Amino acid sequence: MNDDHIPQLDADLAELPSAERLGVAQQFNHKPRILLLYGSNRERSFSRLLTMEAARLLERFGAETRIFHPAGLPLPDDAPDSHPKVQELRDLMQWSEGQVWCSPERHGSMTAVFKAQIDWVPLAMGAVRPTQGKTLAVMQVCGGSQSFNVVNQLRVLGRWMRMFTIPNQSSVPKAFLEFDEAGRMKPSAFYDRVVDVMEELVKFTLLLRERSDYLVDRYSERKESAEELSKRVNQRSI
């Protein structure tokens, strides 16, 4: 994504997240992979504009980003899993190491457009859990005064999807005032918070890379797997 270049980001103060400073000695052959989701199909969607601003920052901090555009995604259970948009979304879920979720607040909640994206992603696809152990940053845009309803709901949803949601978050009130005609976010304390959130997300993603499988390994699931293996062995011996 062209950052052209984040003019309001003070290059002297913006610290690039460093694996070395985090004590991560292992070297990786690719940048941190971050998937970004947003929750509105409007022509001028502020959740999309904020998501694009977040992607510019993530790339500035050394990540590789991909944005899923939900236009054309069918309602959950209203189309087969083989639908191209469903397959695109699921492939991106597996590709990612971290994610950014951003939804407008509508009737005090996340939008149906956003929730539909998560509802198309099962907790498990065969032996693969597509979201488990990935990092997550949550954001929302508001049409009026600042609210935290959506980010709180997204945190619950992230926990349900077995993700590591970072402590920081962003809620942008009166979003229609925070973006210029070109769709770029204006300099403000709200922009600075988005910078903070994206920097923190990259740091946590670097810290958890190739460690998340161990961190989310559960006794109950190991026990269940052992019992299933034992049943298969017994069935073959009969």
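## Burial and model basis

Of the chain's 238 residues, 48% count as buried, where buried means under 20% relative accessible area, exposed over 50% and partly exposed in between, with a 1.4 Å probe and protein chains only. The model is predicted, so local features need pLDDT of at least 70 and side-chain atom pairs count only at pLDDT 80 or more, while totals for chains, interfaces and linings use all residues. Residues are numbered from 1 along each chain as its sequence is written, and side-chain values use heavy atoms, with hydrogens and water left out.

## Overall fold and dimensions

The chain contains seven helices and six strands, in the sequence order β-α-β-α-β-α-β-α-β-β-α-α-α. Helices (H or I, at least four residues) and strands (E, at least two) are DSSP runs numbered from the N terminus.

The C-alpha trace spans about 70 × 45 × 30 Å along its principal axes. Among contacts (heavy atoms within 4.5 Å) with a separation of 6 or more, 78% join residues 24 or more positions apart.

## Surface and charge

The 31 positive and 32 negative charges have mean positions 5 Å apart. Lys and Arg count as positive and Asp and Glu as negative, without His or the chain ends, and each charge is placed at NZ of Lys, CZ of Arg, CG of Asp or CD of Glu.

## Nonpolar cores

A nonpolar core is a set of buried Ala, Val, Leu, Ile, Met, Phe, Trp, Tyr and Cys residues joined through side-chain atoms within 4.5 Å. The largest has 32 residues, of which Leu36, Leu50, Leu57, Leu58, Val100, Met139 and Met198 touch the most other members. Strands S1 (33-38), S3 (98-104) and S4 (135-141) and helices H1 (46-60) and H5 (189-208) each supply at least two residues of this core. H5 gives the most, with eight residues.

Beyond its neighbours within four places in sequence, Leu58 contacts Ile34, Leu36, Ala63, Thr65, Val100, Met198, Leu201 and Val202. Another core, of 22 residues, lies apart from the largest one and includes Leu35, Leu37, Leu73 and Val150.

## Asn168

Asn168 sits in the loop between strand S5 (164-165) and strand S6 (170-172). Asn168 counts as buried because its relative accessibility is 18%. Not counting residues up to four places away in sequence, Asn168 touches Arg155, Arg193, Asp196, Val197 and Glu200.
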